[in-house]
Amino acid sequence: MTTIENVSPTNAGSMMQNPLLISSILDHAVRCHGDVEVVSRRCEGDIHRYTYADVAQRAKQLANALQAHGIAAGARVATLAWNGYRHLEIYYAVSGMGAITHTINPRLFPEQIAYIANHAEDEILFFDLTFLPLVEAVAPKLHNVKTYILLADKTHMPATTSLANLHCYEYFIAAHSANFAWPALDEDAPASLCYTSGTTGNPKGVLYTHRSTVLHTVGANAPDGFGLNSDSVVLPVVPMFHVNAWGIPYICPAYGCKLVFPGPALDGASLYQLFEQEAVTMSAGVPTVWLGLLNHVRSNNLRFSTFKETVIGGSACPPAMLREFEDVYGVTVIHAWGMTELSPLGTVCRLKRAQKLLSAEAQFAIKVKQGRSIFGVDMKIVGSDGAALAHDGKAFGDLHVRGSWVCARYYKETESALINGWFPTGDVATIDADGFMQITDRSKDVIKSGGEWISSIELENLAMAHPAVMEAAVIGVAHSKWDERPLVLVVLKPNTTLTSAELLQFYEGKIAKWWMPDDVVFVEKLPHTATGKLLKTQLRDEYRAHFLAK
């Protein structure tokens, strides 16, 4: 390694070259925030409490245990687990020792879970008690996993199981010392692996590095980003198996936030109880989760004591939800956008100073957008010819991004995922003169009627603004004359009524006439992907002949 003494002061800087490592986040947390609480609702049903100093001690015990078990640098270590303290220990122990943390989404189909674990060549699998039946079912299909570790103590181990080489987590780490020196890794070494189901075909892996993760931690928590600090009490509803819980397990230790994990209980009543009990100030999750929470507080005439901000992403926040959070409950909604390939954060919607002087309605029109790119991410929109389009808030095209934590190629693939150095997101968007981006649709979901585009997202948001509508999905369905026409599928709120004619009348005057949906279908529930997004592929298959049959 070149030393400062060997470098001429005229041709090089004189700064230290400390690598950006995930282990440095935990070291910092111990030094500056060692007594800050990490609270978890466990699968066992009770509440567990300890501190960041305890996280570090047990993570080092786990690192020693993994090394003793033959896990080497670069090995993939899988998890099927909820948000909890043991999962947090795995995050830091595995990446810190130089191996790769591979979080698997348990909401995927068993065949997809087996495919992902085999593609990653996972060597060991940690899982929560909830997922014992799932793991027993997929284990015969896992080619490389030789060891299974149940995230529980001895009293919760199963009396019988079909799993060979099953270990108790607490026993697995108990015999090992907390004396472990995190290695000085290359900051470009791989640290964690997530698979995205947002692409066509089999899920694709995105391999994050220590450098990209640390930079994302700093960028995501800028004042115009999440803006968390040591006064914050954060409850991530977004799962740790979904793009590393949007970086919150790294941000909170780095900035000294109290961290509250909800475990498997994500219903409205359980979340509200934990929010109030732990004085949660900020949370983050997808719109489908907030539907349940809002329904609970609305039905029981409740209010939040400390809950002040929520980040909503994963899919567009319905404007009606944003209004209810802010106008009824005094909770500021921070609209955000990202994807697995962006680690995941790309934009956050916080108003600029001049925009805060605008009328309430003008401010609201900005808040429903996905926001400005955080420092470290660049955005542009391009037309069908690949040429960049104007950032005027009107032109819409394919959204491309680039940045220090953006995927360049998928795991185990040699071909670049980029187009002229930019990553194509698959979203269709506008960008205004202030840099605020708004998703108008996924490129695969946009409705093409008579050669013109109709935004399914805008039609969904309008439907959900109706007081009787709990959730809505809009899809393009084949039409004999117009190629495609919009169909609205609606789930009603409990104890409400609504007719197709009434909802279509609700649209009048709010959209162009040719955007008007051709029909409304009322359903008991809508299908969602493993990450909480509307499963429009299933809806399109189910209603493929809806208009043609008429």
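This is a predicted model: local features need pLDDT of at least 70, side-chain atom pairs count only at pLDDT 80 or more; totals for chains, interfaces and linings use all residues.

Trainee: Which residues in helix 13 are buried?

Mentor: The buried residues are Ser456, Ile457, Leu459, Glu460, Asn461, Leu462, Ala463 and Met464. As a general idea, an α-helix has 3.6 residues a turn, so residues three or four places apart point the same way.

Trainee: Which residues of helix 13 and helix 14 meet?

Mentor: From helix 13, Leu459, Leu462 and Ala463 meet Leu503, Phe506 and Tyr507 of helix 14. Sorted by class, this contact has six nonpolar residues, no polar ones and no charged ones.

Trainee: Let us turn to strands. What is the general principle of their pairing?

Mentor: Strands of a sheet pair through backbone hydrogen bonds, either parallel or antiparallel. The parallel case is shown by strand 10 and strand 11 (residues 258–261), which are joined by two bridges. Valine 234 has leucine 259 in strand 11 as its bridge partner.

Trainee: Which way do the residues of strand 10 point, and are they buried or exposed?

Mentor: In strand 10 (residues 233–236), Val233 and Leu235 point one way, while Val234 and Pro236 point the other way; all are buried.

Trainee: Where is the antiparallel case to be found?

Mentor: It is found in an open sheet of four strands, with the order 17-18-19-20 and antiparallel pairing. The edges are taken by strand 17 (377–382) and strand 20 (437–442), each with a single partner strand, so one side of each has no neighbour in the sheet. From one strand to the next, the twist averages 50°.

Trainee: How many bridges pair strand 17 with strand 18?

Mentor: Strand 17 and strand 18 (residues 397–403) are paired over six bridges, in the antiparallel sense. Methionine 379 stands opposite valine 401 in strand 18.

Trainee: Which backbone details in the loops deserve attention?

Mentor: Proline 344 is in the loop between strand 14 (332–338) and strand 15 (345–348). Asparagine 301 is not a glycine, yet its phi is positive, about 55°. This residue belongs to the loop between helix 10 (287–299) and strand 13 (309–312). Asparagine 495, also not a glycine, has a positive phi of about 60°, and it lies in the loop between strand 24 (483–492) and helix 14.

Trainee: Is asparagine 301 buried or exposed, and what of asparagine 495?

Mentor: Asparagine 301 is exposed, with a relative accessible area of 65%. Asparagine 495 is likewise exposed, at 84%.

Trainee: How does lysine 154 count in terms of accessibility, and what does it touch?

Mentor: Lysine 154, in the loop between strand 6 (147–150) and strand 7 (166–168), counts as partly exposed at 49% relative accessibility. The cut-off explains the label, because exposed requires over 50%. Leaving aside residues up to four places away in sequence, lysine 154 touches Cys168 and Tyr171.

Conventions:
Residues are numbered from 1 along each chain as its sequence is written. Side-chain values use heavy atoms; hydrogens and water are left out. Contact means heavy atoms within 4.5 Å. Ala, Val, Leu, Ile, Met, Phe, Trp, Tyr, Cys and Pro count as nonpolar, Asp, Glu, Lys and Arg as charged, and the others, Gly among them, as polar. Buried means under 20% relative accessible area, exposed over 50%, partly exposed in between (1.4 Å probe, protein chains only). Two strands pair if DSSP finds at least two bridges between them. Axes are lines fitted to C-alpha atoms, for helices over the stretch in contact, and angles run from 0 to 180 degrees between N-to-C directions.
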